[in-house]
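Student: I've got a model open and I'd like to learn how to read it. Can we go through it together?

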Amino acid sequence: MKLNKYRVQTDEEKIKIGKNLEEDIGFELLKRAIKESTGFNCEQYKEAHFRRRVNVRVRATSSENYGEYLRLLKKDSEEYEYLIKALTINVSEFFRNPETFEVIEKEVIPFLIKSRSDSLIKSIRIWSAGCATGEEAYSLAILLHKVLNRDYNKYRISIIGTDIDTLSLEKAQKGVYLENVLKNVDASTKENYFVKLNETYQVSDQLKSMIRFKRQDMISESCTGRFDLIICRNVMIYFKKEVQEQLQLNFHKALNRGGFLVIGKAETLLGAASNHFKTYNSRERLYIKETKDI
Ligand SMILES: C[S@@+](CC[C@H](N)C(=O)[O-])C[C@H]1O[C@@H](n2cnc3c(N)ncnc32)[C@H](O)[C@@H]1O
């Protein structure tokens with residue numbers, strides 16, 4: 001997929017289109033059409049964010065207004081892919097916010113390992129929700145593999161990475177990355193867990209075997225099974241407050257008692273959800289499921 005299929009406008013064109021869009025009543029119709037054609041839950045995203053992202057495509061296609069853009073969408077199915085790409089922001093990197101991963105490596109993973117030490121089946125289940133191109137899920141796989149070390153084979157590790165964007169998931173599945181997303185990866189980790197191919201780094205088969213990537217819309221689909229750690233960062237921030245709260249309650253339900261939830265640094269627990277988690281590390285946005293199922 002090319003980055004931008006259409007041309008870039010002059011400043012005058014941008015101002016004209018911007019003014020048209022502000023006054024355009026076709027937005028609701030366009031939203032409905034997007035929902036019907038793609039299943040994308042437009043209503044659940046923050047209105048201003050959603051409109052800004054749609055406008056990116058309206059401008060890029062030189063459409064004069066939402067109606068014209070809708071006609072184009074109906075003619076050109078590829079444009080839907082570009083639109084979904086614009087609506088979902090997929091930026092990620094390995095060990096994004098390294099201090100958070102430090103707490104996961106030094107405290108959370110050892111705690112989970114210790115709490116399984118007496119169990120016959122020592123399983124640890126992790127969910128990276130909104131995993132984009134996979135860096136977050138692979139970072140967790142690296143830490144688990146490192147910390148477990150020789151005991152790795154005694155444990156049943158399962159990491160699931162989910163996202164709404166299939167193109168991102170394909171990239172996650174391939175596991176081939178450019179150096180810029182590995183800036184927080186030290187040399188020995190690169191050597192142990194990646195294979196360098198020209199300008200790219202391919203994740204090792206070991207890491208791949210630990211993760212299953214799957215398409216899932218976290219707003220309308222739930223994840224089956226219980227987890228010991230759920231990490232959902234820099235996703236909920238785009239959703240309306242009531243949707244964020246409901247999702248946090250869903251995560252509570254999906255966690256084992258004593259399980260951990262990690263959210264983004266710019267995100268907070270909301271409403272009823274904040275009563276059912278105990279703060280473990282407020283700076284790094286780490287919480288523990290303290291209460292029983294709600
Ligand atoms: C900025 S990325 C976050 C990646 C990673 N968690 C991180 O912090 O580096 C946000 C991701 O959320 C995904 N997303 C947005 N809406 C979603 C939804 N309803 N269900 C699942 N994923 C969604 C986007 O496709 C995108 O890949």
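Predicted model: local features only at pLDDT ≥ 70, side-chain atom pairs only at ≥ 80, totals over all residues.

Student: At what angle do helix 3 and helix 5 pack, and how far apart are their axes?

Tutor: The angle is about 140°, and the axes are 8 Å apart. Helix 3 covers residues 47-60, while helix 5 covers residues 77-87.

Student: Why are helix 3 and helix 5 called oblique?

Tutor: It comes down to the cut-off: an angle has to be over 145 degrees to count as roughly antiparallel. The angle here is about 140°, so helix 3 and helix 5 are oblique to each other.

Student: Which residues make that contact?

Tutor: Helix 3 brings Arg 53, Val 56 and Arg 57, and helix 5 brings Tyr 82, Leu 83, Ala 86 and Leu 87. Sorted by class, the contact of helix 3 with helix 5 has five nonpolar residues, two charged and no polar ones.

Student: Let me try the next pair. How do helix 6 and helix 7 cross?

Tutor: Their axes come within 10 Å and cross at roughly 55°. Look for helix 6 at residues 98-116 and helix 7 at residues 135-148. That angle makes helix 6 oblique to helix 7, and the crossing is right-handed.

Student: Zooming out, what domains does the chain have?

Tutor: The domain assignment gives domain 1 at 11-87 and domain 2 at 98-289. Their centres, taken over C-alpha atoms, are separated by 32 Å. Seven residues from domain 1 and nine residues from domain 2 take part in the contact. The side of domain 1 that touches domain 2 has two nonpolar, three polar and two charged residues.

Student: Last stop, the ligand. Which residues come nearest to the ligand?

Tutor: Of the 20 residues around the ligand, those are Thr 88, Ser 92, Gly 130, Ala 132 and Asp 165. By class, the shell is made up of eight nonpolar, six polar and six charged residues.

Key
Residues numbered from 1 in each chain as written. Near = placed C-beta within 6 Å. Nonpolar A, V, L, I, M, F, W, Y, C, P; charged D, E, K, R; others polar. Domains from an automatic or database assignment. Contact = placed C-beta atoms within 7 Å. Axes fitted to C-alpha atoms, helices over the stretch in contact; angles between N-to-C directions. Helix = DSSP H or I, 4+ residues; strand = E, 2+ residues; numbered from the N terminus. Parallel < 35°, antiparallel > 145°, perpendicular 65-115°, else oblique. Left-handed = near helix turned anticlockwise from the far one by under 90°.
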